[in-house]
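User: I'm new to reading protein structures. Could you walk me through one, a feature at a time?

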Amino acid sequence: MIDLNSASAEELTTLPTVGLAAAYDLILFRPYLHWDEVEYAPGFSPERVAEVREAGATLGPAPRELPLVKRDRRDLLI
């Protein structure tokens, strides 16, 4: 099973209809809390999401905390 929230781009490309560009789009729009949210990734219609889901993809647990970007870390140190 491939977790859309943690799989690498290479792992995601093993899913049907997911090429490298689509894999990067999926990664960019993470995390996914519900399957409906996967449709926000460019090119992922409800039908395409259903195909990916039927192929065995899963949505792992939501991260408890999103990582801070460098700018945010610097702001915390000031």
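User: Among contacts in the protein between residues at least 6 apart in sequence, what percentage join residues at least 24 apart?

Analyst: Contact means heavy atoms within 4.5 Å. Here, among contacts between residues at least 6 apart in sequence, 46% join residues at least 24 apart. A word on the source: this is a predicted model, where local features need pLDDT of at least 70, side-chain atom pairs count only at pLDDT 80 or more, and totals for chains, interfaces and linings use all residues. Residues are numbered from 1 along each chain as its sequence is written, and side-chain values use heavy atoms, with hydrogens and water left out.

User: How many helices and strands are there in the protein?

Analyst: Helices (H or I, at least four residues) and strands (E, at least two) are DSSP runs, numbered from the N terminus. This protein has five helices and two strands, and along the sequence they follow the pattern β-α-α-α-α-β-α.

User: And how much of the protein is buried?

Analyst: Buried means under 20% relative accessible area, exposed over 50%, and partly exposed in between (1.4 Å probe, protein chains only). Of the 78 residues in the protein, 28% are buried.

User: Which residues of helix H2 are buried?

Analyst: In H2, residues 20-28, they are Ala22, Ala23 and Leu26. Looking down the axis of H2, these buried residues fall within an arc of 105° (taken from the directions from the helix axis to the C-beta atoms), so they line one face of the helix. Turned away from that buried side are the exposed residues Ala21 and Leu28. The cover over the buried residues of H2 includes helices H1 (9-12), H3 (35-38) and H4 (46-54).

User: Which residues touch the most other members of the largest nonpolar core?

Analyst: In soluble globular proteins, nonpolar side chains tend to be buried together. A nonpolar core is a set of buried Ala, Val, Leu, Ile, Met, Phe, Trp, Tyr and Cys residues joined through side-chain atoms within 4.5 Å. The largest one here has 18 residues, and Leu4, Leu12, Leu15, Val18, Leu26, Val38 and Phe44 touch the most other members. H1, H2, H3 and H4 each give two or more residues to this core, and H2 gives the most, with three. As for Leu12, residues that it touches beyond four places in sequence include Ile2, Leu4, Val18 and Leu26.

User: Asp3 is charged. Which side chain of opposite charge is nearest to Asp3?

Analyst: Lys and Arg count as positive and Asp and Glu as negative; His and the chain ends are not counted. A salt bridge is a side-chain nitrogen of Lys or Arg within 4 Å of a carboxyl oxygen of Asp or Glu. Asp3, in strand E1 (residues 2-3), is buried but has no salt bridge: the nearest side chain of opposite charge, Arg30, is 7.1 Å away. Now for polar contacts: a pair of N or O atoms within 3.5 Å, where within protein one must be able to donate a hydrogen and the other to accept it, and residues adjacent in sequence count only if both atoms are side-chain atoms.

User: Where is Thr13?

Analyst: Thr13 sits in the loop between H1 and H2, and is partly exposed at 31% relative accessible area. A polar atom of the Thr13 side chain lies 2.6 Å from the backbone oxygen of Glu10.
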